[in-house]
Amino acid sequence: MAQQKIKRLYLIPILSKALDILELLEEEKRPITLEAIYQRSHISKTSVYRILKTFVHRGYVAQSADGSYRLVSRPKKMRFGFAGQSAEMPFSEAVTSSLRAAAAASGVELLVRDNRYDAETAIKNAREFVAEGVDLVIEFQIEEHVAPTIAHIISRAGIPLIAIDIPHPHACYFGVDNFQVGYEAGELLAQHAISKWKRKVDWVIGLDIAEAGGFVQSRITGAFEGIRSLLPDLPQEALIRLDGRGMRETSARVVADFFRRHQRADRILIAAATDTSALGALQATLDAQREKNVAIVGQDCIPEVLEEMKKPQSPIIASVSHEAHTYGPRLIQLGIAILRGHTVPPYNWVQHRMVTAKMVQEQQD
């Protein structure tokens, strides 16, 4: 009796039920209805329904037009290649984590490579995916000028391509509406100037990513438009772009250099293309002791920026969340749809959300 109890502890009831249904379908060798499975298995109808739907989703079972179910030969497991932007970039790592979880849940084999924020590495990774014979590639790399090369390598091999944030030829695009997220960031910066500085602004800095190309650069274009929509008298020459490359050190350096050249400037708005750039601008601001006269809005809502916004009077007043946790499920679904021959939109927009310092501080109270 004791031995039986010990063995029973290791059983997973729902898995046992699923295997019972699978074995029943195997015995039948013909389509069978949900009602018949329910009657013969003595498993609750709700559980039978959910188990069957899972089997259909994972490719073990097919559902006929009349609603009956039959066992099918297990299809080859899909293999996706994912080249992440950089393991050193928090947002890229969040996307990678989301993709790994979604691939595991969907039964997709995911091969992950790191582009290391480097064009040559991205090209090398593309060639490796082709050599490994993946079914689909998801590309996340920052250099617009190598996008045609990467797309050519993958397209020539007949492999479908999904491109994150940077459009690639022959690829299905997935990412945020860059102009819109920039515009909303600009509006928030302008509102800060209106409420805190009586509408007085000396300079607006757009921390850009030159190598990303016009599509991503439209984040800064949008930010400038958002600011001027509420501060129409701001002269055009007060708005300048600095190339922060989306990196902390580079952004800190170019902002610090700007501060040295404009020591009399009191009120400065900074729209950063990424949160990593925003953190570089923050460091330069603190080093120059200008935190009371600088307002920064970033993009991505990485954890370090959320922690920074918990501090009262932080120069980082907001960040636009690109909802990285949603990337994995949507990218896997998109990839499966492409491989199954479904028509998919050429541009697949990510839902974004503005997160302000006030919101973060209220949540911790």
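Predicted model: local features only at pLDDT ≥ 70, side-chain atom pairs only at ≥ 80, totals over all residues.

Student: Why is the pair of Tyr173 and Tyr347 called tilted?

Tutor: Rings of Phe, Tyr and Trp (its six-membered ring) pair if their centres lie within 6.5 Å; planes under 30 degrees apart count as stacked, over 60 as edge-to-face and the rest as tilted. The ring centres of Tyr173 and Tyr347 are 5.7 Å apart and the planes stand at 50°, so the pair is tilted. Tyr173 lies in strand S7 and Tyr347 in strand S13, 174 residues apart, and the pair thus links distant parts of the chain. Helices (H or I, at least four residues) and strands (E, at least two) are DSSP runs, numbered from the N terminus. The count by the ring rule is 12 aromatic pairs, and ring pairs also link Phe91, Phe140, Phe174 and Tyr327 into a cluster.

Student: What makes Tyr173 count as buried?

Tutor: Buried means under 20% relative accessible area, exposed over 50%, and partly exposed in between (1.4 Å probe, protein chains only). Tyr173 has 2% relative accessibility and therefore counts as buried. Tyr347, at 42%, counts as partly exposed.

Student: How do you know that Ile14 is partly exposed?

Tutor: The relative accessible area of Ile14 is 46%, so the residue is partly exposed. Ile14 lies in helix H2 (residues 13–28). Together with Ile12, Leu15 and Leu19, Ile14 makes a nonpolar surface patch of about 360 Å².

Student: Which residues are closest to the centre of the largest pocket?

Tutor: The largest pocket has a volume of about 530 Å³. Of its 20 lining residues, His192, Lys196, Gln313, Ser314 and Ile317 are the closest to the centre. Helix H8 supplies the largest share of this lining, 5 residues.

Student: What makes a space a cavity and not a pocket?

Tutor: On a 1 Å grid over the protein atoms alone, a cavity is a set of points where a 1.4 Å probe fits but cannot get out, whereas a pocket is an open set with protein on both sides within 12 Å along at least five of seven lines; lining residues have an atom within 4 Å of a point. The search finds 1 cavity of 30 Å³ or more, and the largest cavity holds about 150 Å³. Among its 15 lining residues, Gln85, Asp165, Arg219, Thr274 and Asp300 are the closest to the centre.

Conventions:
Residues numbered from 1 in each chain as written. Heavy atoms only, no water. Patch = residues over 30% accessible without salt bridge, like charges linked within 9 Å, V, L, I, M, F, W, Y side chains within 5 Å. Areas by Shrake-Rupley, 256 points an atom, 1.4 Å probe, with all protein chains shown as cover. Salt bridge = Lys/Arg side-chain N within 4 Å of Asp/Glu carboxyl O. Points joined across faces, edges and corners; volume = space filled by probe spheres on them.
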